[in-house]
Amino acid sequence: MSGPYEETYRLEKPQILMFLESDKGKCVLKALQEQEGCIIEVNSELSELDMPTPLNVSFLKQQITEVVDDVIVTSIGPKVLRQVVSECINKASNQGYKSIAFPALGCGNLGYPKYETAAAIVDTVREFDNDLLSLVDVHVVGLPEDLDFEEAYTRHLHKVTASEDLSSEIITIGKKSLFLLAGDITEYCSDVIVHPTTKQLSFDSGDVSLSLRLKCGPSFVEECQDEERVMKQHGVVLTGAPGLQCTKILHTTPQHFGCWKKTVKECVKYVDTMAKYKSIAFPAVPSYMQRGSLEEEHKKAAWQMVEAIMTLKTTTVNMILVFCCDQSKLDTYKDAVFRAIPDLSTKAGRMKSHMRALVRNVTKTDIPTEDEMVETSGRSVMTKLQMPEKHSSRNESIASVTVYCQENKCDAIYKKLADRCDDEYSRRVVDQRIQKLTSSQTEDLVALAKTERVVVNMEKSGEVHLEGLFHHLTKVCHHLDETLQTVADFGFVAYPTCWERVESGQRVFNVAQGSIEYMSVKNSFMATLREKERHVNISKIERIQIPDLYRQYQIAMQTVHQEHPSKDNERIIWHGTDVEAVPNINKYGFNRSYCGKNGSQYGQGVYFAVTSFVSSIDKYSPPDTHGIKYVYRARVLTGRYTMGNATMRDAPRLCRTGSVRYTSTTNDTSQPSLFCIYRDTHSYPEYLISFKLSVP
């Protein structure tokens, strides 16, 4: 028998080390070792002394000359950014320096685009993540008033982080990486997403079209359709991406190029000519191909995608992402991709391709000698291994797994281990709020669990037991957590998880640009701005934390739910105001004592608009002396509503003889665009958005 085989893998799952070291995890390892006649060695993540440490990149608001780093870099000419950044890092590290600061290179008199500078610095720094350097910190420095450069930096860093967080199959084809993912293409941060459509640039068919129409708004759709002539002539049209995290949308008509293969090639070539975008995302199957069997459609589209990538010769674009709407379709698509590439036709080939795209464990473990093996049940099993030195610090979510066996089947054994770890995951949630869930909330949880194939056992004591595959469990647990956040009772309230804990009376907190929270609020604000979206420059987004008012709002919500059991009692809507009212709202919330300032046609209360477009009108949010406008994103209990009029000082009764009243009044009961509320505790100012509108 030939010598033993050895492969080391990186297994990443939350608390995977804790699970593998538990009695249950040890049973999984023991059973697999006995079944396969192998040895599986599990180690924690390597300490910082044993592996390269990624450089810390951060943004500083100050003059470059005031930075106290070991090395500072002065400005340069255009087109050589990456080379200069690389040489500066190498030189600083060679001389033993710990920190280096880069300004907005070339963005001054030379007029180099700020986004390109920020992207060049961040991307070049990330290329050194696997190198051993003396450098620890890299600072990108911008003036406090240079918000454009800071926004460019945070936007690109958010995009890089989001791309690295993608849970996908990664396939290396030449110098290009093909990412296969399940999900909505419009939710990810690729540079460009592709929208297959008709020559008339229609948004009426296909998942991508429907998603873009919903998220980007009707004004965006109308503007795109004005480009019909360009589409008919060239087959592609590039537009912005309002409300999305991607940079651009490339609309294309596959009929212009004849087939999906040629369409993919032409789209990548088109993006590549711009020489500034690295990633492009495609839907797995364009709408024009969705006519026959779903399985055959995905297979055909996958083969054409592979053929296109294998014949591409690009210089800038190196990431191609393909999105399937769900996991089952992704599995079909992935299998077709594997069959289309000779090197991936076997499991071993697929594993090698996958491992090339991951960070491999850099340690070497001595392979046991012949004397350290014994024969059992006709298989060679290694019984003595030299254990590596334990490290004082470790990451519980990453396990280095080394598989030793006498046959060349390390890949298959590791796959079985990963699958069994998934199978063994379970969750136990203990929370007193579980006892306060309504029947409809419980039914929603059970329905989601059934869809995700997660077993749910709820106990009266306030415990929930969940069992299922890890990624399904995560989704169900997240839903349960969000549901529990809405449960409130007198003397008890669960505040939003994003709230910051402070000892002082601070109530206004800046939301970090580029964070998930920031992008969520920004996207919801941009989504209903109509044509104003292109002229908006957001200065900042602030979170409002008023514990007493939030508790009162939650109690009021329960009362409204009891009177009107419905999922539509609460809305996320908008309130524009002037700068003088901001301090009072931030401290006490919306006060109906100040009603009537902008009219009271539908009642003498506080008004909220369904769209941010209405709230951004100067009548409701007049700019201050610096041209800054103020609009709140608010949580409002609209409940049951009826038509309002100027004489109403309170919402009318549901019936003349009863005591229960409507929750709010509106301008149109069939399609309301405005709501008027009469209780100060029926609204909560979640976020304050400060912005400017440029002249069209």
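At what angle do α11 and α12 pack, and how far apart are their axes? Before you click, note that this is a predicted model, where local features need pLDDT of at least 70, side-chain atom pairs count only at pLDDT 80 or more, and totals for chains, interfaces and linings use all residues. Residues are numbered from 1 along each chain as its sequence is written, and side-chain values use heavy atoms, with hydrogens and water left out.

**Stop one: α11 and α12**

Select residues 294-310 for α11 and 327-340 for α12: the two pack at about 40 degrees, with axes 8 Å apart. Helices here are DSSP runs (H or I, at least four residues), numbered from the N terminus. Axes are lines fitted to C-alpha atoms over the stretch in contact, and angles run from 0 to 180 degrees between N-to-C directions. The pair is therefore oblique; under 35 degrees would be roughly parallel, over 145 roughly antiparallel, 65 to 115 roughly perpendicular, and the rest is oblique. The crossing is right-handed, meaning the near helix is turned clockwise from the far one by less than a right angle.

Now show side chains at the contact (heavy atoms within 4.5 Å). On the α11 side you'll find, among them, Leu294, His298, Ala302 and Val306, and on the α12 side Thr332, Tyr333, Ala336 and Ala340 are included. By class, this contact has 10 nonpolar, two polar and four charged residues. Nonpolar covers Ala, Val, Leu, Ile, Met, Phe, Trp, Tyr, Cys and Pro; charged covers Asp, Glu, Lys and Arg; the others, Gly among them, are polar.

**Stop two: α10**

The axes of α10 and α11 come within 8 Å and cross at roughly 40 degrees, which makes α10 oblique to α11. This crossing is right-handed too. Pick Trp260, Lys261, Val264 and Lys265 in α10: they meet Ala301, Gln304, Met305, Glu307 and Ala308 in α11. That contact has five nonpolar, one polar and three charged residues.

**Stop three: Leu445**

Jump to α15, residues 439-451, and select Leu445. At 1% relative accessibility, Leu445 counts as buried. Leaving out residues up to four places away in sequence, Leu445 touches Met458, Val476, His479 and Leu480. Finish with a distance: Leu445 and Cys477 are 32 residues apart in sequence and 9.3 Å apart in space, C-alpha to C-alpha.

Notes
Buried < 20%, exposed > 50% of the residue type's maximum accessible area, 1.4 Å probe, protein only.
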